[in-house]
Amino acid sequence: VLEGTSLIENGKIGYLIFYVSVIIYMAGGYNVIWRYRKSLEKGVLSHLSFSMSLMLGSIIAQYLFPYARVISLVLSMFTLDISFYVQRSDDVYNNKLECLSKKGFIKYLEHLFIRHQKFQIFSIILEDSKFYHNTLGSKDRGTLETCIVSALKSNYRHKRFSVYRLEFGSYALIACNPEADDAKKILEFIQNQIGIRWGYSALELMLSFRVCQMESQSDVYDTHEVCDVISYYESNKKFAQQIIRARDLDLVRVHTKSYIETCILKGLKESRFEVYYQPIYSIKENINLINIKTT
């Protein structure tokens with residue numbers, strides 16, 4: 001045994017404290033992964049599980065070879081793995097608008113639903129967004145979105161509120177632990193402050209929005225339902241310039257349509273469809289016309 005491998009005998013109490021600290025960190029890490037396993041993507045979950053297992057192995061290797069820098073090497077690899085594959089800020093955050101993106105919206109919803117937290121969602125849809133997208137240049141589109149998002153962020157800076165840019169013309173506001181008058185104030189703000197005449201770059205636009213209000217544990221019960229409602233409300237022209245509650249929509253129809261679309265897409269992806277062509281037969285000529293055409 002190499003001289004100095006005994007921690008206590010050589011007064012290496014610092015090493016013992018180091019090992020204990022790392023073990024506590026590992027235990028806490030595994031606890032967090034297990035607690036939030038349902039909200040993590042499979043790829044992220046596998047990366048975290050592998051990295052944590054590698055870290056555990058490095059502790060054993062460090063104990064067997066106390067003069068090697070095993071833990072330092074593995075910790076550097078673990079940090080890089082987290083930075084490049086797990087905690088990618090550009091994946092959930094829009095740097096130009098300085099707000100969370102659609103992926104960040106979905107992740108936060110999953111987190112809230114898992115914790116059974118009460119919250120309200122306000123889906124804010126810009127009317128004629130396709131027209132603005134096709135008419136305005138990229139610079140003006142960015143300026144327009146900056147104005148909309150900045151207006152929402154400036155009025156809702158409290159930590160209970162969070163603003164999201166889902167796509168061009170589609171935004172969301174989440175209010176956690178909502179107070180009694182939150183919904184009324186938010187809807188009035190969207191109507192009176194955002195839906196006004198905007199002027200910039202020699203352009204003058206009269207913006208109008210439609211808003212759908214959803215409440216957890218009452219209107220929607222999981223992330224898929226929220227996405228279904230937003231998609232249905234956004235694509236249906238009969239809700240133009242309306243403020244509506246999710247409970248007033250035909251949610252059964254919304255979810256049924258979404259389920260059918262999901263099944264079709266999954267079936268196409270897995271090649272589970274079989275196509276059968278109805279034969280076109282000529283009684284007069286006593287032949288199959290399809291066979292003639294195909295040959």
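Author: Here is a walk along helix H5, followed by some stops elsewhere.

This is a predicted model, where local features need pLDDT of at least 70, side-chain atom pairs count only at pLDDT 80 or more, and totals for chains, interfaces and linings use all residues. Residues are numbered from 1 along each chain as its sequence is written, and side-chain values use heavy atoms, with hydrogens and water left out.

Start with the whole. The protein has eleven helices and eleven strands. Helices (H or I, at least four residues) and strands (E, at least two) are DSSP runs, numbered from the N terminus. Of its 295 residues, 37% count as buried. Buried means under 20% relative accessible area, exposed over 50%, partly exposed in between (1.4 Å probe, protein chains only).

Now H5. This helix covers residues 102–114, which is 13 residues. At 1.5 Å a residue it should span 18 Å, and its end C-alpha atoms are 18 Å apart, so the two agree. The expected span is 1.5 Å times one less than the number of residues.

Which residues of H5 are buried? They are Gly-104, Phe-105, Leu-109, Leu-112 and Phe-113. These five cover an arc of only 165° around the axis, so they sit on the same side of H5. The arc is that of the directions from the helix axis to the C-beta atoms.

What comes after the helix? H5 is followed by His-116, whose phi is positive, near 55°. Most residues other than glycine have a negative phi.

Asp-128 also has a positive phi, near 60°. Asp-128 lies in the loop between strand S3 (119–126) and helix H6 (129–135). Asp-128 is exposed, with a relative accessible area of 54%.

Ser-271 is another case, with a positive phi of about 55° although it is not a glycine. Its place is the loop between H10 and strand S10 (281–282). Ser-271 is exposed too, at 64% relative accessible area.

H10 itself spans residues 251–269 and holds Leu-268. Is Leu-268 buried or exposed? Leu-268 is exposed, with a relative accessible area of 56%. Leu-268 also belongs to a nonpolar surface patch of about 660 Å², along with Tyr-259, Ile-260, Ile-264, Leu-265 and Phe-273. Like charges are joined within 9 Å, and nonpolar side chains (Val, Leu, Ile, Met, Phe, Trp, Tyr) within 5 Å.

Terms used:
Patch = residues over 30% accessible without salt bridge, like charges linked within 9 Å, V, L, I, M, F, W, Y side chains within 5 Å. Areas by Shrake-Rupley, 256 points an atom, 1.4 Å probe, with all protein chains shown as cover. Salt bridge = Lys/Arg side-chain N within 4 Å of Asp/Glu carboxyl O.
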